[in-house]
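Open the structure in your viewer and keep the selection panel at hand. Each stop below says what to pick and what is there.

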Amino acid sequence: MAVGTHDGEPATADGPPGAAGLGDLVRVAGAIRRAVESVVEGKAPAVRLALTVLLAEGHLLIEDVPGVGKTLLAKALARSVDCSVRRVQFTPDLLPSDITGVSAYDQELREFEFKPGPVFANIVVGDEINRASPKTQSALLECMEERQVTVDGTTYRLEPPFMVVATQNPVEMEGTYPLPEAQRDRFTARVSMGYPDPAAELAMLDVHGGRSPLDDLVPVADAADVRRLIEVARGTHVAPSVKRYAVDLVAATRAHPDLRLGASPRATLHLLRAARAYAALDERDYVLPDDVQDLAVPVLAHRLLPTAEARVARRRPEHVVADLVKRLPVPAPGK
Amino acid sequence: MRLRMTVVAAVATLAGSVGLYPLFTTGRWVWAALGAVLCAAGGAAAARRLGRGAPLDAAGGLLALLLYLTAVFAHGRALLWIIPTPGSVAHLVSLAGSGWDAVNRYAAPVPLVPGILMLVAAGVGLVAVLVDALAVRLRRAALAGLPLLAMYSVPAAVREESVSWLAFGAGALGFLMLLTADAREQVGGWGRAVPAARRDAGAADAADGERVQPGALAASGRRIGAAAVALAVLVPLAVPGLHPNGMLGGDDGGGGSRTVTTPDPLVSLKRELTRPDDSVVLTYRTNDAEPDYLRLYALDRFDGDRWTYDPLRSTPRDRVTGGPLPAPPGLTLAPTRTVRTRVTVRPEVRRMTFLPVPYAPARLSVDGDWRVHAESLMVYSLRDSAGGRTYTVDSLRAEPTAADLSAGGSYPADIVRRFTAYPRSVPAAIRQLAEKITARANSAYEQAVLLQRWFTAEGGFTYDLSAPAPQHGGDLTAFLLRSRHGYCEQFAASMALMARLLGIPARVAMGYTPGTLSNGVWTVRSKDAHAWPELYFQGAGWVRFEPTPAGAAGQGTAVPPIYTADTDPTSPDDTGTSRNRTDPREARDEPSRAPSHAPAHRDERLDDTGAAAGDGGTGFPAGWAALVAGLVAGLLVLLGAPMAVRALTRRRRWAAAEPPSEPRRRLRAPGGGPPRGTGPADAAHAAWRELRSDARDHGLPFRANESPRATARRLTETLELERPAREALGRIAMAEELARYARSGARVPRGALRADVRTVRAAFAAAVPRRTRWRARVLPPSALESAGRGTRAALDGATAGATDLSRAAGDALRRVARR
């Protein structure tokens with residue numbers, strides 16, 4: 001199953017450069033999706049969300065308990081695209097310079113030379129990001145938002161596409177630091193893997209029993225493809241009423257009594273950007289309220305801080321957002 | 001804000017005072033009351049500024065009121081027109097005294113003499129002071145309803161007539177406004193941000209989420225209040241026994257009108273006849289040597305069991321003023337003479353609200369508020385009793401001859417319609433009996449005479465006061481066909497009924513026989529209470545007949561009228577009836593004289609009975625039939641309305657989505673979506689709205705948080721739609737989705753949306769239980785919803801308008817105060 005699913009697809013990687021239409025996007029994205037799903041079984045929604053984030057030029061936060069395939073998803077996604085991929089294992093003793101890179105003195109040339117850190121890649125897999133100290137986590141802030149790194153006063157631009165796929169354990173687990181609000185806000189979406197259903201788990205035993213399926217994964221697209229797809233996704237139409245709907249939804253989180261901190265304007269931006277990509281993946285050149293609804297929880301929930309009362313009552317931000325989605329009427333023409 | 005409460009309290013007082021309008025002949029009092037309220041409220045508000053406690057506030061209001069009264073009513077004797085002096089106060093007091101006298105002298109509506117005007121101003125001003133003190137200073141808005149209620153109940157107590165529903169509504173809304181304002185103040189006192197001024201912050205869009213709750217609460221409060229007032233106005237219409245005459249009965253008298261009914265006049269008859277003491281009811285003097293009966297009631301309606309009268313609709317216009325009374329109906333040709341009767345009713349007589357007068361009263365001078373019913377010439381009062389009164393009545397006594405009566409022309413249609421109606425329950429045997437008795441007659445008059453003869457002589461009737469009062473139609477049948485024992489009530493009721501059966505307009509009159517004469521004074525005792533039939537003859541009007549045996553073996557002082565004495569020569573006997581003056585006039589030639597008129601009468605009668613059979617009976621049965629038919633029709637209309645609304649909505653939607661002509665395209669509102677190509681997008685919207693209505697009709701939820709696509713998916717899944725319906729639904733949803741969210745100029749499939757909607761509707765109908773299906777057809781909930789929405793919007797609009805108005809007034813006043 002894992003082997004050969006991508007066999008028929010290599011042509012997609014180098015399609016005609018000028019014809020980067022919606023069909024092209026769907027084709028390439030489909031190939032990536034299939035490649036990833038050949039490794040991560042039974043997690044179609046998570047895979048689709050990961051693709052969405054990729055096309056939305058966002059960063060993905062994968063949160064779940066250890067051992068459900070967080071890293072696998074990140075790696076599979078990274079590997080199915082033929083681009084530079086770096087992986088950082090976050091540990092409590094990781095330093096900021098371990099991420100961004102350092103200026104080292106070159107004895108021969110007698111000058112400082114910048115040694116780029118692991119962020120200088122198209123896809124950066126940050127594993128167990130919440131095991132590093134907040135200081136180190138913050139080192140990612142600038143890269144993620146501004147797509148540049150400043151070391152010793154020199155600013156280095158990062159090549160697009162640039163995507164951080166971070167995994168983290170739930171905050172309640174031992175030896176973790178909660179991500180700072182500012183950083184959480186920079187992740188476009190958070191996805192939970194969840195346990196696989198029994199059938200998928202059984203299939204996994206067969207596949208993973210022998211060797212890592214990752215080894216069989218060959219890239220089905222390259223960085224240029226991804227750049228092109230991102231352009232296409234950006235062109236998806238959003239009707240003013242849908243924009244308004246997204247704004248209303250985000251504004252509603254700010255007024256919600258269960259939330260200490262609502263979603264930021266950046267969240268609205270991310271929400272719409274993701275919705276564009278999500279619609280494009282559906283081969284649609286316009287965004288539906290359904291897209292916004294589907295993405296509301298992954299895009300918004302991790303940015304929200306529940307009040308103490310809500311926390312005690314176990315009303316989680318996910319539930320709050322889902323509830324708001326249920327209550328907010330979709331935009332419709334005047335009665 | 002105290003100032004707003006002050007304004008609202010003043011407005012509530014004014015609104016409550018509207019109910020006083022029926023008390024006065026003109027509306028000038030409104031200005032006096034307005035001034036008094038303004039001064040009282042202003043004085044109290046000014047005193048409040050000093051802040052010395054509630055008593056001082058009230059004192060301030062009272063002082064301002066006094067200054068106002070002085071300025072308006074006694075400025076001539078005041079210092080600087082306004083400062084009260086002992087002279088001006090004395091003048092006010094004397095004015096009040098004269099007003100009080102006037103109030104006692106006149107029945108409502110009273111003329112607005114200065115004294116009364118001053119009393120009104122002072123009274124309303126006092127109420128304003130009280131309301132102000134209670135609502136504004138003591139914060140007891142609910143208690144402030146008491147003085148308002150007191151003011152409101154004045155017309156109800158004095159007039160015994162209900163005030164118009166408009167006045168009631170104004171008063172109630174005023175009080176509601178007071179309560180609302182007070183509640184708003186109290187909530188404001190808790191320190192929470194209450195959206196008092198909705199339009200203050202124009203850019204308050206962001207606060208939407210917070211404002212929803214109190215706004216909705218206030219709106220539902222307003223709705224409840226408005227609904228309560230509407231119910232209070234509407235329920236009496238549906239409940240028998242409460243007569244909201246102001247609303248449906250033409251409010252034409254300038255004041256309220258009122259319905260007059262006496263439950264069952266005939267019931268009192270037997271009671272009076274059998275009184276053991278046989279007390280004197282009234283005495284009278286008259287210039288008539290042989291006085292006619294004194295009539296109280298004319299009972300024009302036979303309901304199958306009893307004779308009663310149609311409720312009288314009384315308006316102030318019917319008042320007896322001393323001038324000529326309405327002309328007696330039908331009395332045009334017969335010779336008349338005027339008799340004057342001066343009647344004194346004994347003071348012990350209670351609850352006699354109708355005046356006994358000889359028919360037909362032409363001019364009446366009597367104290368108190370007496371009114372005359374133009375059609376029957378009954379004289380009655382809404383509040384006064386005849387007991388102890390003395391009055392003079394000039395009556396026009398018709399003296400038709402037998403010839404006049406038999407020569408009477410055919411009857412006017414309205415008389416026939418009203419006075420020949422009888423219920424279908426009357427047994428055919430009575431009609432046959434009546435026809436048998438009158439078989440020899442050639443005219444209506446002869447029929448009447450023969451009927452009277454039959455009762456008094458030929459029929460073998462026995463006057464028997466111990467006979468039970470007839471309760472049901474069957475009792476009359478038994479009286480006529482079997483027992484033939486009875487007293488005047490049975491005789492009168494039977495003869496009037498038989499006359500109607502024969503097509504002669506008839507009614508039962510009730511009152512007193514002339515009584516006994518001694519020393520020029522006629523004395524009428526309770527035993528003289530009597531009932532008799534009155535029959536209508538064109539030219540002579542209503543003519544009395546006397547079927548009850550008179551004399552010792554009958555009704556003591558009953559007198560058969562002289563024009564009925566022309567007995568048929570063929571009848572041999574003339575027994576038993578003592579004072580039956582047989583006037584041996586030439587009756588023989590009557591039959592030969594009459595025939596030319598008889599056919600006319602016969603035709604008339606046949607027409608009547610034909611009509612009675614044809615359209616469900618005239619008069620009473622017709623009334624029931626019409627009522628039932630009306631109810632059924634109303635029910636049908638009610639039932640059909642939702643269906644019609646639904647069909648209309650459907651047609652309107654599709655019509656609006658027709659390929660647009662140029663002007664329509666210009667007019668199209670942009671809506672929430674992209675600037676869309678009008679035609680296809682409109683068709684899609686129309687189809688979608690239709691689909692939504694259809695879904696609601698079939699009880700399928702349509703959720704506001706679902707996009708067209710999601711809705712279609714859900715419906716397809718829950719209803720397990722077949723392929724054609726599924727695809728049709730998908731096409732409709734797709735079209736709507738494109739129209740709503742896609743890039744402008746997107747190709748919305750126009751095509752067969754209408755057919756698709758039909759397909760989906762059929763699929764809905766097939767998928768739901770039968771009951772739901774029928775409800776969707778007959779009582780489509782979507783139509784009911786839109787009606788409900790309309791009503792709600794109207795209610796909200798009205799109440800919001802009222803609130804805005806009061807707020808605007810408050811604002812204006814505040815600005816003035818600040819300056």
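**Stop 1: A:A275.** Select A:A275, which sits in helix α11 (residues 265-281) of chain A. This is a predicted model. Is A:A275 buried or exposed? Its relative accessibility is 0%, so A:A275 counts as buried. Now show its contacts. Leaving out residues up to four places away in sequence, A:A275 touches A:V287, A:D291, A:V292 and A:L295. Draw a C-alpha distance from A:A275 to A:L295: the value is 6.9 Å, for residues 20 apart along the chain.

**Stop 2: the whole of chain A.** Zoom out and colour by secondary structure. Chain A has 14 helices and 13 strands. Of its 335 residues, 55% are buried. Take the contacts in chain A between residues at least 6 apart in sequence: 79% of them join residues at least 24 apart. The accessible area of chain A is about 14,800 Å², and carbon and sulfur atoms account for 54% of that. The charged end of A:R284 sits over the A:Y286 ring, 5.9 Å from the ring centre.

**Stop 3: a helix in chain B.** Select residues 29-50 of chain B, helix α2. How many residues does α2(B) have, and how far does the helix reach? There are 22 residues, and the first C-alpha lies 32 Å from the last, close to the 32 Å expected at 1.5 Å a residue. Pick out the buried positions, including B:W29, B:A36, B:V37, B:G43 and B:R48. In general, an α-helix has 3.6 residues a turn, so residues three or four places apart point the same way. What do the buried residues of α2(B) pack against? Show α1 (2-17), α3 (54-73) and α5 (114-137) of chain B; these are the partners. Then step past the helix end to B:G51, where phi is positive, near 65°.

**Stop 4: the nonpolar cores.** The largest nonpolar core has 93 residues, and B:M498 and B:F537 have the most contacts inside it. Helix α16 (residues 488-501) of chain B gives the most to this core, with 10 residues. Centre on B:M498. Beyond its neighbours within four places in sequence, B:M498 is in contact with B:I430, B:L433, B:A434, B:I437, B:L451, B:W454, B:F455 and B:L480. Another core lies apart from this one; it has 83 residues, among them A:L51, A:L217, A:L271 and A:A279. In soluble globular proteins, nonpolar side chains tend to be buried together.

**Stop 5: rings.** Show the aromatic side chains. Over all chains there are 24 aromatic pairs. Start with B:F419 and B:W542: the pair is edge-to-face, with 4.7 Å centre to centre and 75° between the planes. B:F419 belongs to helix α12 (residues 413-419) of chain B and B:W542 to strand β19 (residues 541-544) of chain B, so the pair ties together parts 123 residues apart in sequence. Both B:F419 and B:W542 are buried.

Next select B:Y445 and B:F537. This aromatic pair is also edge-to-face, at 6.4 Å centre to centre and 70° between the planes. Helix α14 (residues 444-458) of chain B holds B:Y445 and strand β18 (residues 529-537) of chain B holds B:F537, so this pair ties together parts 92 residues apart in sequence.

Two last selections. Ring pairs link B:W454, B:F455, B:F461, B:F479 and B:F491 into a cluster. Finish on B:R544, whose charged end sits over the ring of B:Y293, 3.6 Å from the centre.

Notes: Residues are numbered from 1 along each chain as its sequence is written. Chains are lettered from A and ligands numbered from 1 in the order in which they are written. This is a predicted model: local features need pLDDT of at least 70, side-chain atom pairs count only at pLDDT 80 or more; totals for chains, interfaces and linings use all residues. Side-chain values use heavy atoms; hydrogens and water are left out. Helices (H or I, at least four residues) and strands (E, at least two) are DSSP runs, numbered from the N terminus. The expected span of a helix is 1.5 Å times one less than its number of residues. Buried means under 20% relative accessible area, exposed over 50%, partly exposed in between (1.4 Å probe, protein chains only). Contact means heavy atoms within 4.5 Å. Rings of Phe, Tyr and Trp (its six-membered ring) pair if their centres lie within 6.5 Å; planes under 30 degrees apart count as stacked, over 60 as edge-to-face and the rest as tilted. A charge sits over a ring if NZ of Lys or CZ of Arg is within 6 Å of the ring centre and within 35 degrees of the ring normal. Accessible areas come from the Shrake-Rupley method with a 1.4 Å probe; for residues, only the protein chains shown count as cover. A nonpolar core is a set of buried Ala, Val, Leu, Ile, Met, Phe, Trp, Tyr and Cys residues joined through side-chain atoms within 4.5 Å.
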